[in-house]
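Dear colleague,

I am passing on the structure below, together with some notes on what turned up in it. Please read the notes with the model open beside them.

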Amino acid sequence: MALDQSFVGRSYPPTPPYEVGREKIREFAEAVGDTNPVYVDPEAAKAVGHSDVIAPPTFVFSITFKAAGQVVRDPQLGLDYSRVVHGDQKFSYVRPVRAGDRLTVTSTIEGIKSLAGNDVLDIRGEVHDESGEHVATAWTKLVARAAEEA
């Protein structure tokens with residue numbers, strides 16, 4: 001059953017603040033194999049103009065994907081998450097994520113379409129710091145595979 005098009009444009013409440021820690025940034029950089037010293041060494045980050053270590057560009061995925069859970073768990077939407085695969089991801093930054101940031105994410109359904117019986121759901125996650133400054137936007141594409149016919 002196709003997802004309801006009337007959900008396009010629906011926004012969900014901002015997440016509770018997520019405090020970005022140096023250790024989380026280091027762990028993420030190690031996990032993705034990025035050895036840039038600005039991710040682990042405060043002095044290296046300061047040498048290029050940052051107040052503290054910064055996070056790799058894909059770091060916000062960890063909080064925006066979690067925030068998108070509000071969308072996928074919305075019982076009114078009716079998404080069968082057991083059939084969902086991650087289709088695509090992209091990011092746009094206003095500034096880097098820094099250690100010490102307290103970030104919230106507001107998720108909005110940007111698009112719903114059906115392709116060959118599959119539902120494609122586009123979710124935009126707007127990331128703001130505690131002062132309300134826009135930090136980044138993440139777009140997540142989820143594909144709910146069509147149910148197999150019996």
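How many bridges join E2 to E5, and do the two run parallel or antiparallel? In this predicted model, E2 and E5 run antiparallel and are joined by nine bridges; within that pairing, Phe91 has Ala138 of E5 as its bridge partner. Both strands belong to an open sheet of five strands, whose order is E1-E3-E4-E5-E2 and whose pairing is antiparallel. The edges are formed by strand E1 (18–19) and strand E2 (84–93), each of which pairs on one side only.

Strand E5, which spans residues 134–144, also holds Thr140. Thr140 has a relative accessible area of 3%, and because the cut-off for buried is under 20%, Thr140 counts as buried. The side chain of Thr140 makes a polar contact of 3.1 Å with the side chain of Gln89. Leaving aside residues up to four places away in sequence, Thr140 touches Gln89 along with Phe65, His86, Asp88, Leu121, Asp122 and Ile123.

Turning to the pockets, the largest one holds about 210 Å³ of space, and its lining includes Thr15, Pro16, Tyr18, Gln70 and Arg73. Helix H3 (61–67) and strand E3 (102–115) are the elements that give two or more residues to this lining, with H3 giving the most, at four residues. By residue class, the lining of the largest pocket divides into six nonpolar, three polar and two charged residues.

With best wishes

Technical notes. Residues numbered from 1 in each chain as written. Predicted model: local features only at pLDDT ≥ 70, side-chain atom pairs only at ≥ 80, totals over all residues. Heavy atoms only, no water. Buried < 20%, exposed > 50% of the residue type's maximum accessible area, 1.4 Å probe, protein only. Polar contact = N/O pair within 3.5 Å; in protein donor to acceptor, adjacent residues only side chain to side chain. Contact = heavy atoms within 4.5 Å. 1 Å grid on protein atoms, 1.4 Å probe; cavity = no way out; pocket = protein on both sides within 12 Å on 5 of 7 lines; lining within 4 Å. Points joined across faces, edges and corners; volume = space filled by probe spheres on them. Nonpolar A, V, L, I, M, F, W, Y, C, P; charged D, E, K, R; others polar. Pairing = 2+ DSSP bridges.
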